[in-house]
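I opened this notebook to record what I looked up, residue by residue and then region by region. The entries follow the order in which I went through the structure.

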Amino acid sequence: YLRADTELIVYGETMPDAKLYIQNEEYKLSPDGRFSVRMSLQDTVKEIPIRAISQDGSMEKQIVFTVTRKTDRK
């Protein structure tokens, strides 16, 4: 018998006054612009787009992580 699970922690920083979106959901930044999000992982391929938009909307930066979890069920 074996049981194991996993979680993913996505973290980083941007300008403190930027708007941050992870998987198209807005997240609140800490006062210094840092963020941390904890996610469970199911057996799948998961794309995690992270987007920061400057306060005035003139600049945007995006990073996309692709994570795969596959549990061998033999």
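**Entry 1: Arg69 and Asp5.** I began with Arg69, which I located in strand 6, keeping in mind throughout that this is a predicted model. When I looked up its side-chain partners, I found a polar contact of 3.0 Å that joins the side chains of Arg69 and Asp5, and a polar contact of 3.4 Å between the side chain of Arg69 and that of Thr71. Setting aside neighbours within four places in sequence, I listed Ala4, Asp5, Thr6, Leu41, Gln42, Asp43 and Thr44 as the residues in contact with Arg69.

I then turned to Asp5 itself, which sits in the segment before strand 1. Is Asp5 buried or exposed? I noted a relative accessible area of 62% for Asp5, and because the cut-off for exposed is over 50%, Asp5 counts as exposed. Apart from its neighbours within four places in sequence, Asp5 is in contact with Leu41 and Arg69.

**Entry 2: Thr66.** I stayed in strand 6 for Thr66, which has a relative accessibility of 51% and therefore counts as exposed, since the cut-off is over 50%. Leaving out neighbours within four places in sequence, I found Thr66 in contact with Val45, Lys46 and Glu47. For Thr66 and Lys46, which are 20 residues apart along the chain, I noted a C-alpha separation of 5.7 Å.

**Entry 3: the loop between strand 2 and strand 3.** Which residue of this loop did I look up for a positive phi of about 50 degrees? I wrote down Gln23, which has that value although it is not a glycine, and which is placed in the loop between strand 2 and strand 3 (25-27). Asn24 is found in the loop between strand 2 and strand 3 as well, and I noted its phi as near 65 degrees, again a positive value in a residue other than glycine. I kept both on record because most residues other than glycine have a negative phi. As for accessibility, Gln23 is partly exposed, with a relative accessible area of 34%, whereas Asn24 is exposed, with a relative accessible area of 64%.

**Entry 4: Ser30.** I placed Ser30 in the loop between strand 3 and strand 4, and its relative accessible area of 27% makes it partly exposed. The side chain of Ser30 makes a polar contact of 2.5 Å with the side chain of Asp32. I also looked up Ser30 against Glu13, and found the two 17 residues apart in sequence and 9.0 Å apart in space, C-alpha to C-alpha.

Entry 5: I found Met39 in strand 4, and at a relative accessible area of 8% I recorded Met39 as buried, because the cut-off for buried is under 20%. Leaving aside neighbours within four places in sequence, Met39 is in contact with Glu7, Leu8, Val10, Ile22, Gln23, Lys46 and Ile48. The C-alpha atoms of Met39 and Thr6, which are 33 residues apart along the chain, are separated by 9.0 Å.

From there I moved to the largest nonpolar core, which has 14 residues, and in which Leu8, Leu20, Ile22, Phe35, Met39, Ile48 and Ile50 touch the most other members. The elements that give two or more residues to this core are strand 1, strand 2 (19-22), strand 4 (34-40) and strand 5. For Leu20, not counting residues up to four places away in sequence, I listed Glu25, Glu26, Tyr27, Leu29, Phe35, Ile50, Arg51 and Ala52 as the residues it touches. In soluble globular proteins, nonpolar side chains tend to be buried together.

**Entry 6: the largest pocket.** How many residues line the largest pocket? I noted 21, of which Glu13, Thr14, Met15, Ala52 and Lys61 lie nearest its centre, and I recorded a volume of about 360 Å³. Strand 1 (7-13), strand 5 (44-53) and strand 6 (60-69) each supply at least two residues of this lining, and strand 6 gives the largest share, 5 residues.

Conventions. Residues are numbered from 1 along each chain as its sequence is written. This is a predicted model: local features need pLDDT of at least 70, side-chain atom pairs count only at pLDDT 80 or more; totals for chains, interfaces and linings use all residues. Side-chain values use heavy atoms; hydrogens and water are left out. On a 1 Å grid over the protein atoms alone, a cavity is a set of points where a 1.4 Å probe fits but cannot get out, and a pocket is an open set with protein on both sides within 12 Å along at least five of seven lines; lining residues have an atom within 4 Å of a point. Grid points are joined across faces, edges and corners, and a volume is the space filled by probe spheres set on the points. Helices (H or I, at least four residues) and strands (E, at least two) are DSSP runs, numbered from the N terminus. A nonpolar core is a set of buried Ala, Val, Leu, Ile, Met, Phe, Trp, Tyr and Cys residues joined through side-chain atoms within 4.5 Å. Buried means under 20% relative accessible area, exposed over 50%, partly exposed in between (1.4 Å probe, protein chains only). Contact means heavy atoms within 4.5 Å. A polar contact is a pair of N or O atoms within 3.5 Å; within protein, one must be able to donate a hydrogen and the other to accept it, and residues adjacent in sequence count only if both atoms are side-chain atoms.
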